[in-house]
Amino acid sequence: MKLNRTTQRTVEILKMISRTPEGATLDDLCEKLNLPKTSAYDIVTTLAEMGMVNIKRGQKQNYTIGLMSYRIGINYTNNLDFIGIIEPVLKAFSKEVGKTVFFGIPSDHHVVYICKFEPENPIITTATVGSKNPLYCTSLGKVILAYSEEEKREQMISRIKFTRFTERTIKDREQLIHELDMVRETGYAFDAREMEEHMQCVGAPVFDRDGNVLGAISVSTLYKPSEDYEALGKLIFEKGMEVSRLLGFLGKI
C-alpha cells in the first residue's frame with residue numbers, strides 16, 4: 001500500500017513534538033526528521049491553525065502539543081475505559097486455566113496486545129503489551145477477521161503479505177478464508193504453532209454493546225499433543241461471551 005508522504009511527515013512531526021515538552025523548533029524538526037524546511041513549515045503552520053500544536057514565540061518559534069491533540073488523546077483513552085471492566089475477569093481466568101491470557105484489538109492488518117495476564121508460574125511468551133503481530137497467523141487476529149464486517153475484513157485481508165513463520169503458517173488468502181469460515185462455525189480460532197513452533201494459542205471474540213467485534217481474548221500455552229484444544233476453545237468462547245456481556249452485548253452469534 002502506498003502511503004501519503006505529507007501525512008507520514010505530519011504524524012512524525014506530531015510524535016516528535018509530543019515527546020518534547022519544552023517545545024521543538026522548526027530547525028529541530030527538519031534536522032531530526034530529515035525534512036525540507038518549506039514542507040515542515042507548511043505542516044506545522046497548518047497544525048497550529050487547527051489547534052493541534054501551539055506556537056511559543058521567542059528568539060525562535062517553538063512548537064508544543066496543542067489542545068486539539070490532547071482532546072483526541074482523551075477520546076482514545078475514554079474508549080479504553082472498558083479495560084478496567086474486563087481486567088479482573090481475565091486475570092481470574094488466567095489463574096483458573098493456569099495459562100497466559102491476552103486481550104488484543106485490531107490495528108490495520110495487525111493485532112495489538114493491550115493486556116496480558118499470567119498465572120503464578122507463567123511460560124515465557126514473546127508477545128508483550130503494546131507489541132503487534134499479523135492477523136492471519138494469530139488466534140486473536142483470525143477471530144477479529146472472522147467477525148469483522150465484510151467490507152472491513154476485505155480491507156484488512158487485502159493488506160496482508162503472507163509470510164511463513166513456521167511450516168504450519170497460513171500461506172495464502174484462499175487458506176485464510178477457509179479457516180475464517182471454520183472460526184465462524186465454532187466461535188474460536190487456533191494459532192496452531194504458526195507463529196512459534198512450540199506455542200499453541202486459542203482465541204475467541206469480544207463484542208461491544210452494538211454487536212461489533214471489539215477485540216479478542218486468547219490463551220497461550222506450550223504445545224502438548226495430549227491437550228484437548230477443542231475443549232479449551234469452547235471454554236474461551238464462553239469467557240469471551242461473558243466479557244462481551246459485561247460490556248453491554250446482549251445478542252448471540
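Predicted model: local features only at pLDDT ≥ 70, side-chain atom pairs only at ≥ 80, totals over all residues.
Residues are numbered from 1 along each chain as its sequence is written, and side-chain values use heavy atoms, with hydrogens and water left out.

Helices (H or I, at least four residues) and strands (E, at least two) are DSSP runs numbered from the N terminus, and two strands pair if DSSP finds at least two bridges between them. An open antiparallel sheet is formed by 6 strands in the order β6-β5-β4-β9-β8-β7. Because β6 and β7 stand at the edges with a single partner strand each, one side of each is left without a neighbour in the sheet. Strand β7 runs antiparallel to β8 and is joined to that strand by 4 bridges, and D191 stands opposite C201 in β8.

Helix α6 packs against α8 at an angle of about 80 degrees, with the axes (lines fitted to C-alpha atoms, for helices over the stretch in contact; angles run from 0 to 180 degrees between N-to-C directions) 9 Å apart. The two helices are therefore roughly perpendicular (65 to 115 degrees). The contact (heavy atoms within 4.5 Å) is made by these residues:

| Helix | Contact residues |
|---|---|
| α6 | K142, V143, L145, A146, Y147 |
| α8 | L176, E179, L180, V183, R184 |

Helix α6 also lies across β4, β5, β7, β8 and β9, running at about 150 degrees to β9.

Conventions:
Parallel < 35°, antiparallel > 145°, perpendicular 65-115°, else oblique.
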